[in-house]
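Colleague: Could you take me through this model and tell me what stands behind the terms you use?

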Amino acid sequence: MDMNQHPETIAITAGRPEVVPDGALNPSIVLSATFHAEGAIGYGRYGNQTWSSLEEAISALEGGSTLAFSSGMAAINAVFSILPIGAPVVASNQGYSGAMSLLNSFHESGRLEVRFVDIVNTQSVIDAMKGAALVWLESPTNPCLDVADLAELISQAKKMGIGVAVDNTFATPLVQNPLAMGADIVMHSVTKFLSGHSDVLMGSLSTNDPALFKRLLEFRSVNGSIPGPFESWLALRGLRTFPLRFNKAQENAKALVPKLSAHPKITRVRYPGYGAIISFEVDGSAELTQKVCESSKLISHATSLGGIESLWERRRRWPKESLSVPEQLIRLSVGCEHVDDIWDDIENALASI
Ligand SMILES: Cc1ncc(COP(=O)(O)O)c(C=O)c1O
């Protein structure tokens, strides 16, 4: 693989089988729990050729070596689970609600000592790092789209000898490469942009550190948080078009931001300047905001993000969402439909209140 190639090319070429006459262009789906003895895999919980193809392709985009997991949450859980009991962890005080719930439960049980910080306040994050084992950075955050100064935080953490893991689900390797910035682990909810068709749940961890890779692999092997071969194949098939989809969705998002900002029924629009997620606040109650989400015809009223189709939801409809997220906040995952059709749908939904 030529690592100087562009991501658009890498996504199409990586993780292919060896070129042999009559060999398949695509990796096959290896549906086997059992493998003949004396090989490198040994058993279906330890490895699988279809996972390996996907892992190779994610590594080609993010750098390092990759492990695929059964979901993004399984990948996040692996990162925290290899830390010693009571290890101090610095993490954002708001971010994906699943990760927040996990961190809160680890903190409350004493499994970890989590120091919750405002990741936009770089100095306060650096202050909290002293004596920590790991800094967990999700940037931009879900759903408020706060952006951390990754370069500065990673460089400070490395000077202090602290591990850094970055959830790169929203930005993707097309926008930022945390491993190239010095992070130890980059995590993805592969469920989102990388697979991109709202039909797969999967996660990944990539690292440049062979010893860390080994610990994470051992954890996955005994924890059993492995992906299915079919899901891995679907994810790799989706990944082939990830740059195309992401670039189109981002172009659509950039065109929608000024229109949303100028709309009289919208009080605030959050957009980090890249990516395909926009969060905006409706001028009205939680009920009216809910009505907007339910009134769309093209945009699906559903949770999740990063798929080819536009989705939106009021995040506070989830009881576990942070109270710091406004009741009127709608998180819109912009898809690849024609932008004029998306805008028509948004305008009509807003006209319902
Ligand atoms: C930023 C982020 N990280 C992690 C996850 C968890 O991923 P999964 O749903 O694949 O477990 C999500 C899910 O929405 C997410 O948005």
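Modeller: Let's start with burial: buried means under 20% relative accessible area, exposed means over 50%, and partly exposed is in between (1.4 Å probe, protein chains only). This is a predicted model, in which local features need pLDDT of at least 70, side-chain atom pairs count only at pLDDT 80 or more, and totals for chains, interfaces and linings use all residues. Residues are numbered from 1 along each chain as its sequence is written, and side-chain values use heavy atoms, with hydrogens and water left out.

Colleague: Why is T122 called buried?

Modeller: T122 has a relative accessible area of 19%; the limit is under 20%, so T122 counts as buried. T122 belongs to helix α5, residues 122–129 (helices are DSSP runs of H or I with at least four residues, strands are E runs of at least two, and both are numbered from the N terminus). Leaving aside residues up to four places away in sequence, T122 touches D149, E152 and L153, where contact means heavy atoms within 4.5 Å.

Colleague: And what makes I342 buried?

Modeller: The relative accessibility of I342 is 0%, so I342 is buried. I342 sits in helix α11, residues 339–351. Among its contacts beyond four places in sequence are N252, L256, L298, I299 and V334.

Colleague: What makes β2 largely enclosed?

Modeller: In β2, 6 of the 6 residues are buried, so the rest of the structure largely encloses this strand. Both faces are covered, with A87, V89 and A91 buried on one side and P88, V90 and S92 buried on the other. In a regular strand, side chains alternate between the two faces of the sheet.

Colleague: How do you know that β2 and β3 pair?

Modeller: Pairing takes at least two DSSP bridges between two strands. β2 and β3 have 6 bridges, in the parallel sense, so they pass. One of the bridges links P88 to E113 in β3. β4 and β5 (residues 163–167) are also parallel, over 5 bridges, and E138 stands opposite D167 in β5.

Colleague: Why do β1 and β3 count as edge strands?

Modeller: The open sheet of 7 strands runs β1-β7-β6-β5-β4-β2-β3, with mixed pairing. β1 and β3 each have a single partner strand, so one side of each has no neighbour in the sheet. On average, neighbouring strands here are turned by 20° against each other, direction ignored.

Colleague: Which helix lies across β4 and β5?

Modeller: That is α6 (residues 150–159), running at about 155° to β5. Helix α7 lies across β1, β6 and β7 (203–207), at about 15° to β1. The angles run from 0 to 180 degrees between N-to-C directions, and the axes are lines fitted to C-alpha atoms, for helices over the stretch in contact.

Colleague: What is the strand order in the open sheet of 5 strands?

Modeller: The order is β8-β9-β12-β11-β10, with mixed pairing. β8 (266–270) and β10 (300–301) are the edges; each has a single partner strand, so one side of each lacks a neighbour. Strands β11 (residues 311–314) and β12 (residues 329–333) run antiparallel, joined by 4 bridges, with R314 opposite I330 in β12. Helix α9 (residues 242–262) lies across β8, β9 (277–282) and β12, at about 10° to β9.

Colleague: What makes a set of residues a nonpolar core?

Modeller: The members are buried Ala, Val, Leu, Ile, Met, Phe, Trp, Tyr and Cys residues, joined through side-chain atoms within 4.5 Å. The largest such core has 28 residues, and V79, F80, L112, W136, L205 and L216 touch the most other members. Its largest share, 6 residues, comes from α3. Apart from this core lies another, of 25 residues, including L61, V200, A235 and L239.

Colleague: How many residues surround the ligand?

Modeller: There are 16, and the closest are M73, N142, D167, S189 and T191; the criterion is a heavy atom within 4 Å.
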